[in-house]
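Hi,

Here is the structure I promised to pass on. Have a look at it first, and then read my notes below.

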Amino acid sequence: MTTFRTVRVAAVQATPVILDAEASVAKAVRLIGEASAGGAELAVLPEAFVSLYPSNRWARAAASFGGADELWERFWQSSVEVPGPLVDELVAACRDHGVHCAIGVNEREAARPGTVYNTLLLVGPEGLINKHRKLMPTHHERLFHGIGAGDDLGVVDTPLGRLGGLICWENRMPLARYAVYKGGPQIWLAPTADDSDGWLASMRHIAIESGAVVVSAPQYIPRAAFPEDFPVPLGEDADVVFGRGGAAIVEPTWGEVIAGPLYDGEGIVSADCDLREGLHAKRWFDAVGHYSREDVLAAPTPRPARPAPVDGAPESAPAAPPAHPPSGSP
């Protein structure tokens, strides 16, 4: 039976050790410990934290057939096999601290060198709980990430509650959201690279729409974090920031931001979240329950377009349906 307890959650805004998967996981382990020391039972880390998000500011150059082989090779080498030893390190950290963790990784397949996926992992003291590959890489991300199959959408039951969510601009996909809503998430995981005001507005809307606490965890990516031997140009401005963050936690009744947003630095924002508030919110609005109207909205039959009226002629009325179904109808 679903329970409604109070859970302390943490949105962890951090910079990966770029193109170094082992060091990025070691940093994630440390951050899990810091979140736990602050009382958190769930820590959500950013999209592609292990160990590079391909920012549009420099990644667009990879559209050329030439000039990006070294970047691609190092990108692949610093990605993660799932399951694998780096995932085991994350599980051990969760076990040591008694917490759950959601973290974005670049996932490679162990069976062969090739496509890399933008993947969200949910791990806990008992092991790897769930893996979700991003359905649709955004714009320039398609140069680096494959397309997820969509067979991993859903919600998982944990001792904390029912956890579900999507990666970055998947959260803009109404049908993807609805697919997860059907599982009744109580806490919504939203790792991202979007640092815009519009993103925060989306998180507030999703909290209201889903009836779930939303935990938004972006990266903070300064130019100074990139290694000197990064294989593509980053520009001359040493002070440029490729992602300013915006970590936040949003409650589900009125979509109020109850922690954050945090900008322009690394840090952790936390909040105690009473999951009964989601139940209260669904008394008013339940997107897959009393407010869904799937009978009307699920795969509706398209209505024929009405012809435009000829100048000076009255607009024709739509054709009436036949009095009896045509021969051969069920």
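Let me start inside, with the lining of the largest cavity: its residues split into eight nonpolar, five polar and one charged. For those classes, Ala, Val, Leu, Ile, Met, Phe, Trp, Tyr, Cys and Pro count as nonpolar, Asp, Glu, Lys and Arg as charged, and the others, Gly among them, as polar.

Before going on, some ground rules. This is a predicted model, in which local features need pLDDT of at least 70 and side-chain atom pairs count only at pLDDT 80 or more, while totals for chains, interfaces and linings use all residues. Residues are numbered from 1 along each chain as its sequence is written, and side-chain values use heavy atoms, with hydrogens and water left out.

**Cavities**

The search of the whole structure turned up three cavities of 30 Å³ or more. The largest one holds about 130 Å³ of space. It has 14 lining residues, and those closest to its centre are Leu120, Asn130, Gly154, Gly164 and Gly165. Strands E5 (116-124), E6 (127-133), E7 (155-158) and E8 (161-165) each give at least two residues to that lining.

On terms: the grid is 1 Å over the protein atoms alone; a cavity is a set of points where a 1.4 Å probe fits but cannot get out, a pocket is an open set with protein on both sides within 12 Å along at least five of seven lines, and lining residues have an atom within 4 Å of a point. Points are joined across faces, edges and corners, and a volume is the space filled by probe spheres set on them. Helices (H or I, at least four residues) and strands (E, at least two) are DSSP runs, numbered from the N terminus.

The second largest cavity has a volume of about 40 Å³. Its lining includes Tyr181, Glu209, Lys282 and Asp286, and by class it has four nonpolar, two polar and three charged residues.

The largest pocket contains about 410 Å³ of space. Among its 17 lining residues, Tyr53, Asn56, His140, Ala193 and Asp194 are the closest to its centre. Helix H2 (56-59) and strand E12 (241-250) are the elements that give two or more residues to this lining, which divides into six nonpolar, seven polar and four charged.

For the second largest pocket the figure is about 290 Å³. Helix H5 (174-181) gives the most to its lining, with five residues. The lining as a whole comes to nine nonpolar, one polar and four charged residues.

**Helix H4**

Which residues of H4 are buried? They are Leu86, Val87, Leu90, Val91, Ala93 and Cys94, where buried means under 20% relative accessible area and exposed over 50%, with partly exposed in between (1.4 Å probe, protein chains only). Seen down the axis of H4, they fall within an arc of 155° (taken from the directions from the helix axis to the C-beta atoms), so they line one face of the helix. The face turned away from that side carries the exposed Pro85 and Asp96. The buried residues pack against helix H1 (21-37) and strands E3 (80-81), E4 (100-108), E5 and E6, a contact being heavy atoms within 4.5 Å. After H4 comes glycine 98, with a positive phi near 65°.

**Overall**

The protein chain has eight helices and 14 strands. Of its 330 residues, 49% are buried.

Cheers
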